[in-house]
Amino acid sequence: EGHLACVAKARTGHRRIVLTGGFSDDEAVYVINCGTPWSRNSRPWTMIRTRPTQNGPTQNAGFVYGASLTHIRSEENSSMFVRFGGFRAGGYSHPTSMVAILTVRDEGFQISSHWEEKETRNAQVAIPRAYHTATLLGGRYLLITGGMSWGGSILDEAILDIQTWTWIETPVSTGEDKPSARHGHSVVYDNKRNRIVMFGGGNGSDLLRSGTDNSEVWELKLRVGWEDNLVDSLPWRWNKLHNGENDDSAEPTNRLSSAETLCLGRCHSSCKVSPDKVVIMFGSGRPSTNGIIAFDLDRNAFHRPIVNGIVPKPRFTGTAVCLEEGYILTHGGYSTQELDAISDMDILDLSAALDRRFDSMPVDLRRPSHAEVTDAHAEANRSYRSRAIFQLMF
């Protein structure tokens, strides 16, 4: 739970998924080699556990949870990722603003990994945080949004120029109409409409015992020309696209049920699966859900995909990555219903109409299918959580 996953594509077309971190004493970097998409000579995926080396003044640099991991560059035999933030001690304590580079290198018959702590200029701009989002813009600018810091949630946006490793001091956004402080939200870059779109999240000082979730959708509209001169294009402006469960102004088909709002609750997963579609799944602390909902970026509207197959456990704080041939790979998380961490790995086929079979990794077709979380379950647990918070406060 609270771990990291990211997919990288090498110049040769081969992909690798990197899994690491989380609330665990396992500091290894796991690499899943996925081969080339749409290849007629597809081979089984392989997963390799590497023990990373490290440079930098911080000891135990591999232990962090609630951080972000972003692919920034691939060369012929290596891929580089940047990690930002996270908690470095239990109990949602010791948030950090550390920037670290992970290099995964193919050295012939073996794969190696290496952490390097990176010094940055204007480091005071980056508030230490965890359970935030990090979005790479134009291959150069890393936009950090929201997160949990000392004692509660924040929104404070920050941008890191990864060419000069300098935090930009100009405010990122302006105006009074902004999203509330939040963590465990998700963000996609909608380059077709020149904006960042933010989904849901929650607030509070931890993941279960405090705060509330929301199911809002916001956009951060980028100004024309930001690619050529980002600083002069700032500040950008937030606009609310959907009020979530309480959006009575929305068309009936665009209103969210109680169970559907859980998909936008804290620590859900989202993947942009096409230029106009985002898939949002799992999420929320009490109860967690195994539901799936989609958002149409062109219409700014939700829709309900038909999902078949073996339904995974409800969870939040897991990971999800999307592969271009139409698969979403999910891993791990925490089930509030069972009060336990999850180690499962599942594949969601977005192109079921192709009637294809996923055979790149073994699939357990005999594992149990879990019940979907209903509106009644969501409302009952929400009432219980409200009473529990009231008792803690008084």
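Visitor: In which sense do strands S13 and S16 pair, and over how many bridges?

Guide: Strands here are DSSP runs of E, at least two residues, numbered from the N terminus. Two strands pair if DSSP finds at least two bridges between them. S13 (residues 141-145) pairs with S16 in the antiparallel sense, over four bridges. Within this pairing, Leu 143 stands opposite Ile 159 of S16.

This is a predicted model: local features need pLDDT of at least 70, side-chain atom pairs count only at pLDDT 80 or more, and totals for chains, interfaces and linings use all residues. Residues are numbered from 1 along each chain as its sequence is written, and side-chain values use heavy atoms, with hydrogens and water left out.

Visitor: Which way do the side chains of S16 point?

Guide: In a regular strand, side chains alternate between the two faces of the sheet. From S16 (residues 158-161), Ala 158 and Leu 160 point one way. Ile 159 and Asp 161 point the other way. All are buried, meaning under 20% relative accessible area with a 1.4 Å probe, protein chains only.

Visitor: What do S16 and S17 form?

Guide: They form a hairpin, with four residues between them. Trp 165 in the turn has a positive phi of about 55°. Two bridges join S16 to S17 (residues 166-167), and the strands run antiparallel. Leu 160 has Trp 167 as its bridge partner in S17.

Visitor: How many disulfides does the structure hold?

Guide: A disulfide is a covalent bond between the sulfur atoms of two cysteines. The cut-off here is a pair of cysteine sulfur atoms within 2.5 Å. The structure holds zero. For Cys 34, the nearest cysteine sulfur, that of Cys 6, is 12 Å away. Cys 34 counts as buried because its relative accessibility is 5%.

Technical notes. Buried < 20%, exposed > 50% of the residue type's maximum accessible area, 1.4 Å probe, protein only.
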